[in-house]
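Open the model in your viewer and get ready to select residues by number. We will go stop by stop.

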Amino acid sequence: CRWLLRAGWTAQELLTTFGDALGEVALVPQVGGVFAIYVEGDLVFDRKTEGRFPEMKEVKQLVRNKIAPDMKLGHSDSAVKSQADVAVKTEEAEGDSCPNY
């Protein structure tokens with residue numbers, strides 16, 4: 001669904017990060033807004049289920065956890081901010097700025 005550039009970039013990042021450990025990356029054209037990542041036949045990320053695109057470090061962590069769990073990813077090993085964390089921080093910030101009447 002016109003996400004070829006994003007899919008290509010994701011494939012490039014995975015091949016660069018994992019090299020021979022990954023084996024191959026396949027881009028399969030679909031219709032209907034599909035952006036899903038499978039590793040060894042298992043679904044590890046689905047845009048429709050999550051309601052968003054993944055952060056690249058999140059993709060790398062998900063793939064690493066399946067193919068090379070002991071591999072270090074450097075800065076990509078830091079925690080990924082979930083949408084829930086962002087929502088909680090936003091609500092907290094909004095609550096702090098409200099005047100007390």
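This tour of a predicted model visits the core, a pocket, the salt bridges and a loop.

**Stop 1: the core**

Select Leu 14, Phe 18, Leu 22, Ile 37, Val 59 and Val 63. They have the most contacts inside the largest nonpolar core, which has 13 residues. Now colour helix 1 (4-18), strand 1 (36-39), strand 2 (42-46) and helix 3 (56-67). Each of these elements supplies at least two residues of the core.

Zoom in on Val 63. Which residues does Val 63 touch, leaving out those up to four places away in sequence? Look for Leu 14, Phe 18, Leu 22 and Val 39.

**Stop 2: the largest pocket**

Next, select Ala 26, Leu 27, Val 28, Ala 36 and Ile 37. Among the 23 residues that line the largest pocket, these lie nearest its centre. Helix 1 and strand 1 are the elements that give two or more residues to this lining. Helix 1 gives the most, with five. The volume of the pocket is about 830 Å³.

Colour the lining by residue type. How many of its residues are nonpolar, polar and charged? The lining has 19 nonpolar residues, two polar and two charged. Ile 37 links this stop to the previous one: it is among the core residues with the most contacts, and it is also one of those nearest the centre of the pocket.

**Stop 3**

The structure holds four salt bridges. Select Lys 66 and Asp 42 to see one of them, with the closest N and O atoms 2.7 Å apart.

**Stop 4: a network**

Select Glu 50, Arg 52 and Glu 58. Salt bridges link these three in a network. Start with Glu 50 and Arg 52, whose side chains meet at 3.9 Å, N to O. Then move to Glu 58 and Arg 52, where the closest N and O atoms are 2.9 Å apart. Arg 52 and Glu 58 are both buried. Glu 50 is partly exposed, at 42% relative accessibility.

**Stop 5: a glycine in a loop**

Finish at Gly 32, in the loop between helix 1 and strand 1. Its relative accessible area is 46%, so Gly 32 is partly exposed.

Terms used
Residues are numbered from 1 along each chain as its sequence is written. This is a predicted model: local features need pLDDT of at least 70, side-chain atom pairs count only at pLDDT 80 or more; totals for chains, interfaces and linings use all residues. Side-chain values use heavy atoms; hydrogens and water are left out. A nonpolar core is a set of buried Ala, Val, Leu, Ile, Met, Phe, Trp, Tyr and Cys residues joined through side-chain atoms within 4.5 Å. Buried means under 20% relative accessible area, exposed over 50%, partly exposed in between (1.4 Å probe, protein chains only). Helices (H or I, at least four residues) and strands (E, at least two) are DSSP runs, numbered from the N terminus. Contact means heavy atoms within 4.5 Å. On a 1 Å grid over the protein atoms alone, a cavity is a set of points where a 1.4 Å probe fits but cannot get out, and a pocket is an open set with protein on both sides within 12 Å along at least five of seven lines; lining residues have an atom within 4 Å of a point. Grid points are joined across faces, edges and corners, and a volume is the space filled by probe spheres set on the points. Ala, Val, Leu, Ile, Met, Phe, Trp, Tyr, Cys and Pro count as nonpolar, Asp, Glu, Lys and Arg as charged, and the others, Gly among them, as polar.
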